[in-house]
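A walk through both follows the display.

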Amino acid sequence: MYYVKNERDGVEIHDASLNLAIEYYLLNEIELDEPVLLFYINDNSIIIGKNQNAYEEVNTEYVEENNIKVVRRFSGGGAVYHDLGVLCFCFITKDDGDSFRNFKKFTQPVIDALHKMGVEGAELKGRNDLVIGDKKFSGNAMYSKNGRMTSHGTLMFDSEVDAVVGALKPKKHKLESKGIKSIRSRVTNILPYMDDEYQNISTKQFRDRLLLNIYDVDSTDDVKEYVLTEEDWEKIDEFAAKYTDNWDWNYGESPKFDLERDVRIEGVGTVEVKLNVEQGKISDIKMFGDFFGLGEIEDVEDQLRGVKYELASIKNTLEKVDLNKYIGNVTAEQIAQLIY
């Protein structure tokens, strides 16, 4: 089995967009004579399943305030939070017809390695979760294409659990969608369950220890590697630009959804919006309320159709409209927050 380092010019990559692009490049473009193992550690990010609605899965306000990247993967399953305390693993191999959905085959080497480090309670539970007792520390998913497949998962080693809760808690509003929703679970980190000798190690040191155990070697120098070339990186960059680092893929691929929200603004009255979002853009919107406007509110609605469903784009559009004329003494920020 080959191990691939997610390094470019000797520098490790922590950008979720690039790391997922590496993974899918290896799946789609590189066919070696043995399976491939890839580890990566991402900066703060949320990775959503292919069939999920990004707006249902993340707290968009929290995500934007904390500069958290949202990336859509090609496999199904639920949303997961990544930070520098989370280790991601990926096995890439031929689809032999018997391995797809066989999560035990790909998670057992990880479980065995954890057992060697003192995490005796680690086990596969249900279809695709790794747990310690009743607490989940790893979610896993699979994707198959053209006779090749990847089985990938996360390992919460020393993650900021409060951030997980904050980032994956959507804003409260009425939203109807056909997207696949995540099932929230109690989560835990691995570190507290490890033997005392490992209590001060970093996520990278944890990764290296897993490598030694999985490959059954005494030094990482003895691990068989495939080194990414400049030609590989050119294609990885192209893939990221088209998919994993592209708003149209990460948000625009969200299933169509309808949303309703309302707010009472002092001195103005109640403002209510009903809107439809398709491919990440406002396809239709209606604004109602007991506010007093001088113009036709349809003029504002017309300006918003076709706008990206993101706070900055909505606010930028509203700043070009005389909202005092149509609604009253309100700001573009107030109405943008209502819509988003």
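Predicted model: local features only at pLDDT ≥ 70, side-chain atom pairs only at ≥ 80, totals over all residues.

Begin inside. The largest nonpolar core has 80 residues. Those with the most contacts inside this core are Ile46, Met287, Tyr309, Ile314, Leu318, Ile327 and Ile339. Helix 1, residues 16–28, gives the most to the core: nine residues.

Now centre the view on Ile314. Set aside its neighbours within four places in sequence. Ile314 is then in contact with Ile282, Leu304, Val307, Lys308, Tyr309, Ala336, Ile339 and Tyr340. Two of these names, Tyr309 and Ile339, are also on the list of residues with the most contacts inside the core.

Next come the charged side chains. The structure holds 17 salt bridges.

Take Glu231 and Lys235. They form a salt bridge, and their closest N and O atoms are 3.9 Å apart. Both residues sit in helix 7, residues 230–242. They are four residues apart there, so about one helical turn separates them. Lys235 has 34% relative accessibility and therefore counts as partly exposed.

Arg264 and Asp290 make another salt bridge, with the closest N and O atoms 3.6 Å apart. This pair links distant parts of the chain. Arg264 belongs to strand 14, residues 257–265. Asp290 lies in the loop between strand 16 (281–289) and helix 9 (298–304). The two are 26 residues apart. Asp290 has 41%, so it is partly exposed.

Glu301 and Arg305 also meet through their side chains in a salt bridge, at 3.9 Å from N to O. How accessible is Glu301? Glu301 has a relative accessible area of 2% and is therefore buried, since buried means under 20%. Arg305, at 28% relative accessibility, counts as partly exposed.

Glu12, Lys204, Arg207 and Asp208 are linked in a network of salt bridges.

Conventions:
Residues numbered from 1 in each chain as written. Heavy atoms only, no water. Core = buried A, V, L, I, M, F, W, Y, C linked by side-chain atoms within 4.5 Å. Buried < 20%, exposed > 50% of the residue type's maximum accessible area, 1.4 Å probe, protein only. Contact = heavy atoms within 4.5 Å. Salt bridge = Lys/Arg side-chain N within 4 Å of Asp/Glu carboxyl O.
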